[in-house]
Amino acid sequence: MSKHDAVEVIQAKRDGHGLSDSQIDWVVDAYTRGDVADEQMSALAMAILLRGMDRGEISRWTQAMIASGERMDFSGLSRPTADKHSTGGVGDKITLPLAPLVAACGVAVPQLSGRGLGHTGGTLDKLEAIPGWQADLSNSALLEQLEEIGAVICAAGAELAPADKKLYALRDVTGTVEAIPLIASSIMSKKIAEGTGALVLDVKVGTGAFMKSIEDARELAETMVALGNDAGVTTVALLTDMSTPLGRTAGNAIEVAESVDVLAGGGPADVVELTVALAREMLAAAGVTDVDPADKLADGSAMDTWKAMIRAQGGDPDAELPRAKEEHVVEAPTSGVLTRLDAMAVGMAAWRLGAGRARKEDPVQAGAGVVWHARPGDEVTAGEPLFTLLTDEPERFERALASLEDGYDISDAGSDFTPDPLVIDRIG
Ligand code: URA
């Protein structure tokens with residue numbers, strides 16, 4: 001006879017009680033082994049979403065998910081490690097320039113990433129647009145690349161927090177993704193198991209993010225910062241705006257191209273600003289305070305590290321990137337100042353064009369996506385291009401256009417308009 005049964009644990013949470021350490025350890029382990037059924041875990045996830053968990057429960061749940069798999073160890077490396085995690089947004093390609101930039105400053109970056117689901121893009125999907133690039137690395141290849149080049153972006157192996165892999169897939173189809181205790185424990189179990197010494201969280205807030213309100217984003221950030229620091233990982237969080245998409249592109253190949261522009265010393269100002277801000281936080285959290293990442297963008301060393309990182313995983317950093325077969329230009333209907341560009345609308349359009357997937361086994365199109373030719377605060381002229389839509393399948397244009405329809409505002413009286421700040425707050 002086991003110590004607990006699933007119905008007892010579900011009922012306890014359903015009725016608003018705290019779960020004991022022993023109940024949490026048991027249910028996470030039994031679910032991972034298949035002794036608790038998907039329908040039982042779905043009911044528990046919904047009870048957690050509705051009733052919440054206190055900090056002690058979240059911490060124990062996180063530890064139980066870490067214990068479900070392997071823990072990596074980078075303590076043998078010759079340099080400190082720091083990682084970044086974003087809670088997900090539209091046009092969020094920051095990991096691509098950030099990992100080689102921080103590595104060029106002397107801190108190793110082990111970025112174990114995932115694929116995109118829904119309207120937010122996945123880092124691995126973006127990098128897979130580069131001809132030859134491979135997402136899967138063995139643990140020994142990962143360690144070797146970290147020592148030699150300092151930056152790795154690869155797929156998280158099946159052994160890293162397997163309880164989370166199973167639970168995340170279940171939450172995705174049961175309307176239980178948005179629970180703060182489940183998001184916090186999901187993200188932090190993977191990052192703590194990954195073995196990074198320091199962690200910077202980019203917690204997104206706004207229409208294109210999981211967290212639509214600043215209060216929820218702050219609660220998520222504070223919960224994750226506490227979980228990280230309690231586990232011995234120096235953790236800080238930035239709350240950043242995701243009501244407007246980042247940069248000027250959302251898609252796979254087009255986001256790689258924009259990231260390369262940033263590494264070449266150009267690129268959109270907001271992408272550069274956030275990349276440098278997160279790099280500074282990662283370096284400080286890893287104890288490196290005498291290097292300015294802006295210098296490493298300017299002197300080309302971040303670009304050199306990027307090329308080495310792509311080559312080490314079989315990619316050709318100089319190869320031409322795939323292009324979509326078809327394009328459709330949307331012209332500005334009136335002249336004025338763009339006062340709103342909605343991240344969710346743009347994310348949905350890119351997804352509908354084929355840049356993202358509806359089910360995790362679906363393929364993505366490397367060339368698909370949306371380019372926006374103006375950002376909030378920019379002047380636009382009637383008849384000039386506002387968006388370029390890209391896809392291999394022209395029948396996708398109609399639904400993508402529908403999602404952009406209410407996704408922006410142009411105001412003729414908007415000359416005193418100032419865009420919201422990108423970095424809203426810092427927690428840590
Ligand atoms: N990202 C994760 O890894 N887990 C979540 O629950 C949400 C976003």
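Which residues in α4 and in α10 meet? The model is a predicted one, in which local features need pLDDT of at least 70, side-chain atom pairs count only at pLDDT 80 or more, and totals for chains, interfaces and linings use all residues. Residues are numbered from 1 along each chain as its sequence is written, and side-chain values use heavy atoms, without hydrogens and water.

Select α4 (55-67) and helix α10 (residues 214-230); helices are DSSP runs of H or I with at least four residues, numbered from the N terminus. R55, I58, S59 and T62 of α4 meet E219, E222, T223, A226 and L227 of α10, where contact means heavy atoms within 4.5 Å. By class, this contact holds three nonpolar, three polar and three charged residues (nonpolar: Ala, Val, Leu, Ile, Met, Phe, Trp, Tyr, Cys and Pro; charged: Asp, Glu, Lys and Arg; polar: the others, Gly among them).

Next, display the helix axes, which are lines fitted to C-alpha atoms over the stretch in contact, with angles from 0 to 180 degrees between N-to-C directions. The two helices pack at an angle of about 60°, with axes 11 Å apart. Therefore α4 is oblique to α10 (under 35 degrees is roughly parallel, over 145 roughly antiparallel, 65 to 115 roughly perpendicular, the rest oblique).

Finally, select V28, Y31, T32, M41, W61, M65, A163 and L167, which line the second largest cavity (on a 1 Å grid over the protein atoms alone, a set of points where a 1.4 Å probe fits but cannot get out; lining residues have an atom within 4 Å of a point). α2 gives the most to this lining, with three residues. The lining of the second largest cavity has seven nonpolar, one polar and no charged residues.

Definitions and conventions: On a 1 Å grid over the protein atoms alone, a cavity is a set of points where a 1.4 Å probe fits but cannot get out, and a pocket is an open set with protein on both sides within 12 Å along at least five of seven lines; lining residues have an atom within 4 Å of a point.
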